[in-house]
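Subject: Structure handover

Hi,

Here is the structure for you to look over. My notes come after it.

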Amino acid sequence: MSQSEKSRTTVDIYGRSYTIVGNEKSNQIRHVANLVDEKMKEIHAVNKSLDTTNLAVLTAVNTMNDYIKLKEDFEVLQKLLEEKEE
């Protein structure tokens with residue numbers, strides 16, 4: 001996709017508007033933004049004293065931790081499938 005073909009999508013995350021430019025379809029970008037917004041609100045509900053920057057960092061850390069766990073689970077399942085095919 002060339003620069004001119006990239007999608008521009010405006011989303012709201014935690015009360016702020018962001019324009020995201022990328023190769024993903026707008027509905028995918030909106031979906032991801034909604035998940036980020038939900039995670040930030042979830043973390044804020046537990047610790048209301050966090051400022052937006054700390055909240056964003058904790059959201060990123062939590063999200064990356066979830067990603068790593070899923071990736072590890074995927075690799076285990078992939079290995080099991082490979083062993084089963086042998």
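Predicted model: local features only at pLDDT ≥ 70, side-chain atom pairs only at ≥ 80, totals over all residues.

Residues are numbered from 1 along each chain as its sequence is written, and side-chain values use heavy atoms, without hydrogens and water.

Threonine 9 lies in strand β1 (strands are DSSP runs of E, at least two residues; helices are runs of H or I, at least four; both are numbered from the N terminus). Threonine 9 counts as buried because its relative accessibility is 1% (buried is under 20% relative accessible area, exposed over 50%, partly exposed in between, with a 1.4 Å probe and protein chains only). Its side chain makes a polar contact of 2.8 Å with the side chain of serine 26 (a pair of N or O atoms within 3.5 Å; within protein, one must be able to donate a hydrogen and the other to accept it, and residues adjacent in sequence count only if both atoms are side-chain atoms).

Threonine 10 is also in β1, which spans residues 7–13. Threonine 10 counts as partly exposed because its relative accessibility is 48%. Its side chain has a polar contact of 3.2 Å with that of threonine 19.

Now the pocket. The lining of the largest pocket divides into four nonpolar, two polar and two charged residues (nonpolar: Ala, Val, Leu, Ile, Met, Phe, Trp, Tyr, Cys and Pro; charged: Asp, Glu, Lys and Arg; polar: the others, Gly among them). A pocket here is an open set of points on a 1 Å grid over the protein atoms alone, where a 1.4 Å probe fits, with protein on both sides within 12 Å along at least five of seven lines; lining residues have an atom within 4 Å of a point. The lining residues are Val32, Leu35, Val36, Lys39, Thr59, Thr63, Asp66 and Tyr67. Helices α1 (26–46) and α2 (52–85) each give two or more of them.

Best wishes
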